[in-house]
Amino acid sequence: MKSRHYSEEELQNNTSPLKDDDSGEIDWSTVHKDTEAFINQPVKQTKWLKFGFTQKQIENYNRDGYIAPIKILTDEQCDLLLQDYENFIKTGGHPLFYEYHSNQTGDINNVLLHALGHWRITRYFHDLIYHPAVCVPASQIISGDGQQARVRFWHDQLFAKPPKHGGCVAWHQDYSYWTRTQPMKHLTVHIALDEQTIENGCIHYIPGSHTWTRQGKPLPVTDYDFKDMESIKTILTNEEKEKFKPMPCCLKKGEASFHHPLSVHGSYPNRSDLPRRAAVLNYFADGVRSNTDELLLKGTHIIPKNDLMKGRFFPLVFDPKSIKEDTF
């Protein structure tokens with residue numbers, strides 16, 4: 001591919017997006033800063049810190065492998081993102097998507113739209129990845145060692161279940177899909193763009209499952225198309241099966257859950273009269289490296305194995321050391 005390799009300094013100084021060399025489309029990956037579509041970036045340290053988790057919240061995350069609900073967006077801000085989503089539906093995708101599946105299950109009675117890469121396409125999805133209510137707490141828990149970390153963006157996802165015949169998302173651990181990056185210092189933030197209820201297929205978690213591994217590796221993927229909800233049970237130990245007690249995570253519009261890369265989670269079908277749509281943000285700590293010589297995401301650049309994950313498509317979204325102390 002011929003997409004230009006920009007320096008991170010160039011991209012951090014950009015205030016408006018440039019065209020992608022391959023597609024000719026305006027590409028927001030060429031802007032490595034928040035353009036404040038949702039919120040003015042805090043100036044004072046005290047304003048930044050108010051977005052962080054409390055010690056009690058961090059303890060709950062470490063115990064359960066997830067924490068929710070966390071308020072991120074207003075209803076009006078969700079509606080702006082949903083307008084962009086509706087445009088994607090009308091056009092049947094966009095050249096800058098890493099992936100776009102109008103129905104990943106292939107079953108017309110269990111429809112699941114799943115897409116990756118929309119942060120490159122619109123200002124609102126771009127600015128969402130820099131939101132301080134996401135990035136500040138992410139920096140507190142993403143490294144897993146109790147130390148605050150610099151946070152880089154990995155990729156985003158859209159999950160949409162239409163009314164009546166919306167599909168499930170089978171039980172899985174996120175890092176099972178991400179072993180092409182290492183070490184495991186990742187985090188997922190799931191933001192409800194519609195209210196999520198048991199009836200419309202809210203996300204569910206298995207508390208404590210972030211400790212489930214196979215010789216230090218994540219559980220194997222049992223269904224790449226997400227359609228076989230219970231397939232994970234075929235590879236669980238008897239002890240894990242005994243602890244397999246799903247907890248619904250009902251979220252109001254604009255609320256989010258933060259979960260560990262090994263937290264087993266999934267969601268049941270939507271048989272309600274209302275849609276269920278979510279924006280998912282995936283991050284990793286600065287210092288994570290590529291674990292492959294192959295392309296990590298379609299339309300990006302190859303990052304050789306053992307090289308740092310950085311550059312145009314994996315921007316630094318938050319550096320806690322960049323927060324200046326308040327002056328009075």
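The protein chain has 7 helices and 16 strands, where helices (H or I, at least four residues) and strands (E, at least two) are DSSP runs numbered from the N terminus. Its radius of gyration, taken over C-alpha atoms, is 19 Å, close to the 20 Å that the globule rule gives for 328 residues, so the chain is as compact as a globular protein of that length. The globule rule is 2.2 Å times the number of residues to the power 0.38.

This is a predicted model, in which local features need pLDDT of at least 70 and side-chain atom pairs count only at pLDDT 80 or more, while totals for chains, interfaces and linings use all residues. Residues are numbered from 1 along each chain as its sequence is written, and side-chain values use heavy atoms, with hydrogens and water left out.

Along its principal axes the C-alpha trace spans about 50 × 45 × 40 Å. Among contacts (heavy atoms within 4.5 Å) with a separation of 6 or more, 77% join residues 24 or more positions apart.

Grid points are joined across faces, edges and corners, and a volume is the space filled by probe spheres set on the points. In the table, Ala, Val, Leu, Ile, Met, Phe, Trp, Tyr, Cys and Pro count as nonpolar, Asp, Glu, Lys and Arg as charged, and the others, Gly among them, as polar.

| Space | Volume | Lining by class |
|---|---|---|
| Largest cavity | about 60 Å³ | 6 nonpolar, 4 polar, 1 charged residues |
| Largest pocket | about 470 Å³ | 10 nonpolar, 4 polar, 4 charged residues |
| Second largest pocket | about 400 Å³ | 10 nonpolar, 12 polar, 4 charged residues |

The largest pocket is lined by 18 residues, of which Lys33, Gln41, Trp48, Val317 and Ser322 lie nearest its centre. The elements that give two or more residues to this lining are α6 (132-141) and β16 (316-318), with the largest share, 3 residues, coming from β16. Helix α6 is mostly covered, with 10 of its 10 residues buried; among them are Cys135, Ser139 and Gln140.

In the segment after β16 lies Pro320, which is buried at a relative accessible area of 18%. Leaving aside neighbours within four places in sequence, Pro320 is in contact with Gln148, Ala149 and Arg150. The C-alpha atoms of Pro320 and Gln148 are separated by 7.2 Å, although the two residues are 172 residues apart along the chain.

About 400 Å³ of space lies in the second largest pocket. Of the 26 residues that line this pocket, His114, Gln157, Phe159, Tyr177 and Phe226 are the closest to its centre. Strands β4 (99-101), β5 (113-116), β6 (151-161), β7 (169-172), β9 (186-192), β13 (265-267) and β14 (276-285) are the elements that give two or more residues to its lining.

The structure holds 1 cavity of 30 Å³ or more. Its lining includes Trp171, His172, Tyr177, Asp223 and Ile232.

Key
On a 1 Å grid over the protein atoms alone, a cavity is a set of points where a 1.4 Å probe fits but cannot get out, and a pocket is an open set with protein on both sides within 12 Å along at least five of seven lines; lining residues have an atom within 4 Å of a point. Buried means under 20% relative accessible area, exposed over 50%, partly exposed in between (1.4 Å probe, protein chains only).
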